[in-house]
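Please read it alongside the sequence and the coordinates.

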Amino acid sequence: MPANYAEEYARSLEDREGFWADAARAVDWFEAPQQVLDASGAPFYRWYPDGVTNSCHNALDRHVAAGRGADAALIYESPATDHRRVLSFGELLDEVTRFAGALRGLGVERGDRVLIYMPMIPETAVAMLACARLGAIHSVVFGGFAAKELATRIDDAKPKVVLSASCGIEVDRIVPYKPLLDGAIEIADAKPERCVVLQRPQHPAELIPGRDLDWEEVRAAGSPVDCVPVASTDPLYVLYTSGTTGVPKGVVRDNGGHLVALTWSLRHIYGVEPGEVWWAASDIGWVVGHSYIVYGPLFLGCASILFEGKPVGTPDAGVYWRTIERNKVAALFTAPTAIRAIKREDPSGEFVKQSDLTAFRTLFLAGERADPDTIQWAEGILGVPVIDHWWQTETGWPVAANCMGLGPLPVKRGSPTKPVPGYSVRVVDEGGDPVPAGTSGNIVLDLPLPPGCLPTLWNNDEGYVRSYLEQFPGCYATGDAGHIDEDGYLYVMGRTDDIINVAGHRLSTGAMEEVLSGHPDVAECAVIGVADSLKGQVPVGFAVLKAGAGRAHTEVEAELVQKVRSEIGPVAAFKQARVVARLPKTRSGKVLRGTMRKMADGERFSVPATIDDPAILDEIQEVLDQL
Ligand code: COA
Ligand code: AMP
C-alpha cells in the first residue's frame with residue numbers, strides 16, 4: 001500500500017468498498033465478509049454485514065496465538081495510588097476469559113447489556129473485554145457523573161448486571177462510587193439483577209445482600225470461556241454522550257466496522273506499529289478511552305498505558321514525561337487542556353529537560369480545539385510534531401488529522417489538517433449549500449459514514465435520523481462549525497448547538513438549564529459556556545427568580561451550584577451562577593445565549609434587531625464584569 005495521503009484519500013472515496021475490503025484483511029474473522037457495505041437500508045448503513053468475528057479475539061487471543069503472549073498489553077500506571085502493573089497479552093487473556101466466565105455464570109449472554117461504572121483500573125478494561133468476549137454489550141459511564149445521570153443511562157440501557165468499584169481517586173480525594181450507584185439504582189426504573197463491586201483498599205464499600213456481589217468472589221468462581229462469534233453488525237457497546245437536552249444519546253458501536261477502522265487508524269493516522277507502547281491519557285468513560293486506551297491499541301498489538309492520575313498534582317507537572325520515559329512511549333494522545341495545565345505549572349518545561357524522551361515521536365491532541373499557543377509551546381519543549389486532530393463520540397475515530405502513517409503534511413497550527421481517508425467533509429450554509437473556501441459554516445460529512453462510526457442510537461433509529469441526518473439531507477451533521485481553507489485544511493471553531501467543552505469533557509448547557517429550572521425559586525434561566533484559559537470553556541448560569549421568592553441571591557446561587565454538582569456531577573465544573581433581574585430575549589421570547597456568550601468572551605457583537613429591550617444587555621454586562 002502506498003504511504004501517500006492524497007492517493008489513499010482519493011481511493012477511499014472513489015473505490016470505497018475496495019479500500020475497506022483491503023483494510024478488513026488486517027483483522028481476524030471467523031467468517032470473512034463477502035459484502036463490504038450494505039446500503040439497502042439507507043440512511044442506515046451496515047459494514048461487513050455477513051462477517052462474523054469477535055472483538056476480544058482480535059484484541060487478545062490472536063496475539064497470544066501468534067506467540068506474543070509474553071509481550072506487554074496493558075500497563076497500569078497509577079500515580080494516584082503509587083502503583084504500577086504490567087499485564088502481558090497472555091495474562092490479560094487469562095483475566096478476561098475467567099471474568100467472562102464469571103459474567104456468564106451471572107446469566108450474561110450475547111446481546112445483554114452490562115453497565116460499567118468504574119475508575120481507571122485494569123479491571124475496567126478486563127470488564128469491557130469480557131463483555132466483548134461474550135457478545136454482551138457494555139455501556140461504560142464516566143465516574144465523574146452523579147447518581148441521576150447514571151440512573152438515566154441505566155434506564156435506557158437496561159443492564160442485566162452492573163459492574164462497579166468501591167471508589168475512585170481524584171488526586172488526593174477519594175470518590176466513593178457505591179453511594180452514587182445505590183442512589184442511581186434507587187431512582188432508576190430498570191433495576192439490574194446484580195451489581196458486582198470491586199473492593200479497593202482505599203475505601204471498601206458495604207454490599208447490599210442479595211443484590212451486590214464481591215468482585216473477587218465472582219471472579220474466582222468463573223471458569224474460562226471461549227469467544228462467542230458475533231455478527232459484524234452486532235453492537236459492541238453503547239456509549240452515552242451529551243445531546244442538546246438532558247437526555248443523553250446512546251451512541252451504538254458495531255463490532256466489525258469498529259474493529260477494522262480502529263486497526264487501520266492506529267497505523268495510518270497515529271503511525272504506530274505492533275509492539276510499540278502507546279498512551280491515550282484520557283478516561284475509559286469517554287470515547288477516547290474506548291477507542292484508544294482499550295480497543296485500538298490492543299487490536300493492533302500495541303502495549304497500551306492505562307493512567308490513573310492527572311497531568312498535574314499527581315504529584316507534579318512532570319508525571320507525563322516520566323511515564324513516557326519509563327515505558328518508552330512512542331506516541332501520546334491527550335487533550336489540549338492537559339498541556340495547558342502542565343504549561344501553567346512548568347512554563348519553561350524544566351520537567352521535560354529531566355526526562356529522556358528519545359523513544360517519543362508524536363503528541364496528538366483532540367477533544368477540544370487546540371489553540372495555536374498551546375501547540376507551539378508543546379512543539380518547543382518536546383521537539384516532536386504536535387498533531388491536532390478532530391473527531392467525536394459518534395464517529396469513534398478521527399475525522400480530520402495529519403495522518404502520520406501516510407506521510408505527514410505541513411502543520412498549520414489551529415487546524416486539524418485534512419479529512420482522514422473514508423470521510424467526505426464539507427462546509428455548508430444553513431440551507432445545505434456549499435460555502436466558498438475560507439467561509440464559515442456547518443461542518444457535515446457525506447453519507448455513508450466510514451466503518452466504525454455510529455450506525456444508529458441505542459433503541460432510537462428515529463432519534464438518530466432527527467439528530468444527525470435531517471438537517472442536511474444526504475449528510476451527517478457534526479454539530480461543529482468551521483471552514484476549509486484554500487489548501488483544503490479544515491478549521492473547527494466551535495459548536496452550532498448548546499454543547500460546550502469543559503477540560504475536554506463534552507457537556508450540555510441544556511442539561512444544566514434543566515437542573516437550574518428544577519430549583520423551586522427559579523423562574524427562568526440560561527447557561528452559557530465562557531472561555532477559560534485552562535479548561536477551554538466553563539459553564540456560567542444565570543437565573544431569574546420567581547416573583548416574591550424573597551431569598552438572598554447568594555444563597556440561591558450556592559444552591560444552584562450544588563444542585564448541578566449533585567445532579568449532573570463534579571465533571572460539569574459548574575461553579576458560577578448569578579441571579580439576574582431579567583434575561584436578554586428576542587421579542588418572540590428566545591433567550592439570546594449567543595449574544596451573552598460573546599459579551600462574556602469580550603468578542604464583538606451586534607445588538608440583535610429583534611431584541612426585546614437592549615437595556616438588559618448593560619445589566620448582563622455588569623454581572624459578567626464581576627465574574
Ligand atoms: N470521578 C469523580 N470525579 C471526577 C472524575 C472521576 N472520574 N473526573 C473528574 N472528576 C471531578 C474532579 O475531581 C473535579 O472535581 P472538583 O470540582 O471537586 O475539583 C471535577 O470533576 C472537574 O474535573 P476536571 O475537569 O478533570 O478538572 P480538574 O480541575 O480536576 O483537572 C485538568 C483539570 C486539566 C488537569 C483535567 O481536566 C485533565 O487532566 N484533563 C485532561 C482531559 C481529558 O482527559 N479529557 C478527556 C477527553 S480526551
Ligand atoms: P466528544 O464527543 O466528547 O469527543 O466531543 C466531540 C466534540 O469536541 C466535537 O464535536 C468538537 O466540538 C470538539 N472537538 C474535539 N476535537 C476537536 C478538535 N481537535 N478541534 C476542535 N474541536 C474539537
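An oxygen atom of ligand 2 lies 2.5 Å from an N or O atom in the side chain of Asp480, a polar contact (a pair of N or O atoms within 3.5 Å). The model is predicted: local features need pLDDT of at least 70, side-chain atom pairs count only at pLDDT 80 or more, and totals for chains, interfaces and linings use all residues. Residues are numbered from 1 along each chain as its sequence is written, chains are lettered from A and ligands numbered from 1 in the order in which they are written, and side-chain values use heavy atoms, with hydrogens and water left out.

**Site of ligand 2**

- For Thr393, the separation between a side-chain N or O atom and an oxygen atom of ligand 2 is 2.5 Å.
- The side chain of Asn501 also places an N or O atom 3.0 Å from an oxygen atom of ligand 2.
- The protein buries 93% of the 490 Å² that ligand 2 exposes when taken alone (Shrake-Rupley method, 1.4 Å probe).
- There are 14 residues around ligand 2, and Asp388, His389, Thr393, Asp480 and Arg506 come nearest (a residue counts if one of its heavy atoms lies within 4 Å).
- The shell around ligand 2 comprises six charged, five polar and three nonpolar residues.

**Cysteines**

- The whole structure contains zero disulfides (pairs of cysteine sulfur atoms within 2.5 Å).
- Cys131 is in no disulfide, and the nearest cysteine sulfur, that of Cys56, is 10 Å away.
- Cys131 counts as buried because its relative accessibility is 0% (buried means under 20% relative accessible area, with a 1.4 Å probe and protein chains only).
- Cys195 is likewise in no disulfide, with the nearest cysteine sulfur, that of Cys131, 14 Å away.
- Cys195 has 0% relative accessibility and therefore counts as buried.

Definitions and conventions: A polar contact is a pair of N or O atoms within 3.5 Å; within protein, one must be able to donate a hydrogen and the other to accept it, and residues adjacent in sequence count only if both atoms are side-chain atoms. Ala, Val, Leu, Ile, Met, Phe, Trp, Tyr, Cys and Pro count as nonpolar, Asp, Glu, Lys and Arg as charged, and the others, Gly among them, as polar. Buried means under 20% relative accessible area, exposed over 50%, partly exposed in between (1.4 Å probe, protein chains only).
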